[in-house]
Amino acid sequence: MIGSQHLNERPRQDEAPRERQSGFRSILVIDGSHAVQDLARNALGEAGYRVTTASNGAAVLTYPSLDDIDLLVIDSELAGLTGRETCRLLKQNDGTHEMPVLLLVPEGAVPNRENLELGPVNHFLLKPFDPRQLVRKVEQIFQQKALDQLTLEHMQRSADRIMTQLAEKQIQAAVERKTQLIIERCIQNITLSVDQYARNEVDSRITALVSDKEQELVKLTVREVANSMVEKLAVAKVEEALQGVLAQQTEAAVRRVTDQTLPGVIRERVREMLGNLLPREIETRLERAAEKMAPELSQQLIGTVEAVVNKTVPRSAREMLPPVVEGQVRAAMETSIPKRVSDLVAVELRTQMTQRIDPAIDAATRRISRGVLMINAAVGFLVLCGLGAMAWLTFFAK
Amino acid sequence: MATATNHKAMELEGSLGAFPLADVMRILAMGRMTGILRLESSEHAVELSIKDGRLIGTASPERFLKLGQLLVYNGLINRRDLDEVLLEQREHDTGLPLGELLIDRGLVTREQVEHALRLQVKEEMWELFSWTDGSFRFEHGATPAMAHGLLSLDINRLLEEGEQHMSHWREIAQNLQNPHQVFAVRPDLAGFPEERLRPNVWKLLSLINGRHSLQTLVYMAGLGRFETLCGLDTLLRLNLIMPVEHPVGSMGSQRSDTGDVETQPDVEEAPVTGAQGRPGALLGLFGRRGGRGEGAEGGPAWQKPRLTPTHGPFFTSVGMACALINQLAQRLLVEPAVKDRIGKSEPIAQLWLQLGMRFPRADLIQVCDGLLDPRPFEHYVQMAGGITRSLAGCHDDSLEALAGVAGGLMELAEEHLGERAGEILRQVARPFIENPEIQHPNDFMPRTWARQWAEKVL
């Protein structure tokens, strides 16, 4: 095989350290000549770049991962879509307009470098080129790019810092304003809430108190009303009862007293009166006895009634008793005594008369001659005396 | 189909017209057979090695894509390494396949070889599936010749893939029948195409420079014929590329669009294409470039091409080789026997176009006025200060291509002059071999090299 040891050396031997240096940058080399492609691939590959080659401009536009390309090295005089036209399309595209381009310009086709219309292209290199020169140029472009990147980053950082400070201030001011507003609103809300709460609380307390008082009042009133009503009812009941009881008791007492005393008294009186009726003495004695006996009897009657009342009627009733008793006694007296007395007097009179009159009749018969008229007058007197006694009793009772 | 028991081996044979290849292979896969399936048509013969119902390799005398070429075109190995390994393989006859040797040397990884082999075999299979006539014969139990264990394909999956491809394939093959068709990028691209290209399609597009024919693109892309044609079809449909007129139309009356490859048996089937074919205007990118400083002598340098000196000192070995070929051509063309036959055609231009297809990195050498012009190459050498590592590939390809041109020229001369051709060559080559003065020899030995080169040519 033709060649030398030098040519046999494999270019990959020193790739690793160079690759680290270049950071695996990707370069797309476009040239119509496969020899130039190979030359660029070898030179740039040795320098540690990742190189892809193609023969036409369309390959740039259709490259599957154009975003990963760090630099485009392209011949200006490509067949079909030229290098310059490709560059123009790249610069018009949003995604690729910042891609650095190294345009390879044929020396013969460039009469004057100053007049070279590079357009949007960043850099150019005359063909034929020294492979080392290509590498230097590429490194220079990347350095420039890195520098630009650094400057840009620095500017961005500065801008960021300024913007951050500004923003912080603005934010702080805004926050303060907002805070103040919020606090004010909070205070308002709290005041409103407290007011509302206090009002509610007071209302509820008052309501509670009022209801308590009302209840108490009602209770008191009810109690009072109840009391008064009970009292009235009790009084009425007591009165009713008293009236009932008294009526019975008084009636019974009067009847009993009358039953006990009157027969004897009347019997006595009648006897005396009859004794006096006939004689004058009987008349006076009866008068006196009647006078003597009547108050005593009344006193006794009152004492009995009082004792009964004391025993049976409570104090309240007792207080009311005298008028009632009075009334009752009066009524009893009015109704029962006269009748009784008259009955008893009649009975006594009959008995006394029977007893006394028979002998007297005998004597009288004898004295008839002298005094039939006297006897009639005496009887008339006795009746009048009885009536008088009754009137007295009535008066006494009052 | 006939089945016969022949001694130990069972044989299976028949006509592909009656039993399509896919059916035959399905049977072999189902039966987990081991052996060799030989396929023959009127033009081709292919052997498929099958082991346990799996395809482990193919062999064909006129293989379209050779493994070494595939690896070189894919940029996985360089031509020099390949040549050395091939030489070693021939000399030592170890019986090891090329792939294994390359792996042993650490030039490629096993995965890379496997991938290339798979591509190669699949390509051949797609080609075989399209056969409509021919015969097959399966030798059961025969030991596969190239059982290197690098490849093992599931036949059923291969058949499925093949069926999917075939309909598409026929349609595409219909549109892209001419292997010499040249494609160029459309100049009216107004912006970024909307559709994203698959990596393989982009790779294909990246190779299109208005000079390479379809056939060359298949070689260069290293994707296989099917993928290449599919990719070209996609690019045509996307209006990114267009077929252009064959650039050698103006080169000679006897040259047709199909090329006359048959007259150049040494050269692998390679179409004639490229802008270099047109001296002057069609010289391509470097045609308009003159040597540094020369442009000052009134008008652009490319309008007055000045070739390297006919005798030393030469600037580079490539320059010397160009001078030798130029002198040889000039010397031959004055011979009446040659002059009458060739007429006005330019044999060097034609040869260079053909060789340029095989050695794309030699494209810095151009043809001007029917002679080889190494100045663009030498200009780069001058700029780089010698044949540096960066230029080694161009240098090697250029010398290989020049050797091819010299060989082609000699064959042409022998065809017309007989033994006198050798005599003329020796006369012309003597001063170059005896006293090769090269200014930029770098560190290679001019004398040895010149002798080697001359021997190679002779």
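Predicted model: local features only at pLDDT ≥ 70, side-chain atom pairs only at ≥ 80, totals over all residues.

**Notes on the core and its helices**

I began with the largest nonpolar core, which has 145 residues; B:Leu205, B:Ile325 and B:Leu409 touch the most other members. I looked up where the core's residues come from: helix H14 of chain B (residues 389–417) gives the largest share, 13 residues.

Next I picked B:Leu205 and asked what it touches, skipping neighbours within four places in sequence.

Then I checked how H7(B) (residues 199–207) packs on H9(B) (residues 225–237): the angle is about 80 degrees, and the axes are 9 Å apart. That makes the two helices, H7(B) and H9(B), roughly perpendicular. On the H7(B) side I noted B:Asn200, B:Val201, B:Leu204 and B:Leu205. They meet B:Glu227, B:Thr228, B:Gly231, B:Leu232, B:Thr234 and B:Leu235 of H9(B). I sorted the residues of this contact into 5 nonpolar, 4 polar and 1 charged.

Last stop was H13(B), residues 375–384. Why is this helix called largely enclosed? Because 8 of its 10 residues are buried. I listed the buried ones: B:Arg375, B:Pro376, B:Phe377, B:Glu378, B:His379, B:Tyr380, B:Val381 and B:Ala384. Just after H13(B) I spotted B:Gly385, with a positive phi of about 75 degrees.

Methods: Residues numbered from 1 in each chain as written. Chains lettered and ligands numbered in written order. Axes fitted to C-alpha atoms, helices over the stretch in contact; angles between N-to-C directions. Helix = DSSP H or I, 4+ residues; strand = E, 2+ residues; numbered from the N terminus. Parallel < 35°, antiparallel > 145°, perpendicular 65-115°, else oblique. Contact = placed C-beta atoms within 7 Å. Nonpolar A, V, L, I, M, F, W, Y, C, P; charged D, E, K, R; others polar. Core = buried A, V, L, I, M, F, W, Y, C linked by C-beta atoms within 7 Å. Buried ≥ 20, exposed ≤ 12 C-beta atoms within 10 Å, placed from the backbone.
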